[in-house]
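The structure is shown first.

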Amino acid sequence: MNYPNGKKHKSKALVTKQLKNSKIEYGKRGMRFEEEIDLSNQFYMKKNIAIIHKKPTPVQIVDVSYPKRSQAVIKEAYFRKPSTTDYNGIYKGKYIDFEAKATQNKTSFPLNNIHHHQVTHMQQVTDHGAICFILFYFSSHDEVYLLPFTAFKKYWSAYLQEKTKSIPYLVIQKEGIHVNRKFQPRIDYIQAVNSIYFNGLNESEEI
């Protein structure tokens, strides 16, 4: 059967087969991960549980065009200085500072996705008593894990000595804390923080 425009009709089976064979777009998964963290932070703030914000990235804008009076398009910009970590704030009187990383890799997290100045910053805030960790999102497994910085830094040291290039997924699964994903909050990382730093306090019982 042909359509009026001359194109052949595709059977349902053929369309289904093409959808199965089509390439899945993973490019925005990292962004969606951060958006879910932002929604979780909004929930924590609304419930007066914690005050956590995403740190603004310092950017120097050098070229802007105005296709419309009410619209500006940034055409060229540069980072003013290297960023530190993604999020910081306060929870139960303790300063929290953490990085959020997403990977499509099924078996490990590549350590070249973390920068030296970020690790230096995490070490500094840890030395001053901060709660510091990394949230890892494995998109292939659709799982989130919280790994304390104190556990992460030994793998970073091995990376600097060129003994390893990544942290195995199974290691993060074993040494980290699985973070529940649900409707509210989307990514309940505070429960994982409680299990490590506050003797398993169940904050959701107070909501």
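This is a predicted model: local features need pLDDT of at least 70, side-chain atom pairs count only at pLDDT 80 or more; totals for chains, interfaces and linings use all residues.

Lys-163 sits in the loop that runs between α4 (149-160) and β9 (166-168). With a relative accessible area of 65%, Lys-163 counts as exposed, because the term applies over 50%.

## Nonpolar cores

The largest nonpolar core contains 24 residues, and Ile-37, Phe-98, Phe-133, Leu-135 and Tyr-189 have the most contacts inside it. At least two residues of this core come from each of the helices α2 (29-46) and α6 (189-197) and from each of the strands β4 (87-91), β5 (94-103), β7 (131-138) and β8 (143-148). Another core, of 21 residues, lies apart from it; Met-122, Cys-132, Phe-138 and Phe-152 are among its members.

Neighbours within four places in sequence aside, Tyr-189 is in contact with Ile-37, Phe-98, Phe-133 and Leu-135, and also with Asn-41, Tyr-44, Ile-52, Leu-146 and Val-179.

## A nonpolar surface patch

Met-45, Ile-51 and Ile-90 make up a nonpolar patch on the surface; together they have about 230 Å² of accessible area.

Of these residues, Ile-51 belongs to strand β1 (residues 51-54). Its relative accessible area is 33%, so Ile-51 is classed as partly exposed.

Key:
Residues are numbered from 1 along each chain as its sequence is written. Side-chain values use heavy atoms; hydrogens and water are left out. Helices (H or I, at least four residues) and strands (E, at least two) are DSSP runs, numbered from the N terminus. Buried means under 20% relative accessible area, exposed over 50%, partly exposed in between (1.4 Å probe, protein chains only). Patches are made of residues with over 30% relative accessible area and no salt bridge: like charges are joined within 9 Å, nonpolar side chains (Val, Leu, Ile, Met, Phe, Trp, Tyr) within 5 Å. Accessible areas come from the Shrake-Rupley method with a 1.4 Å probe; for residues, only the protein chains shown count as cover. A salt bridge is a side-chain nitrogen of Lys or Arg within 4 Å of a carboxyl oxygen of Asp or Glu. A nonpolar core is a set of buried Ala, Val, Leu, Ile, Met, Phe, Trp, Tyr and Cys residues joined through side-chain atoms within 4.5 Å. Contact means heavy atoms within 4.5 Å.
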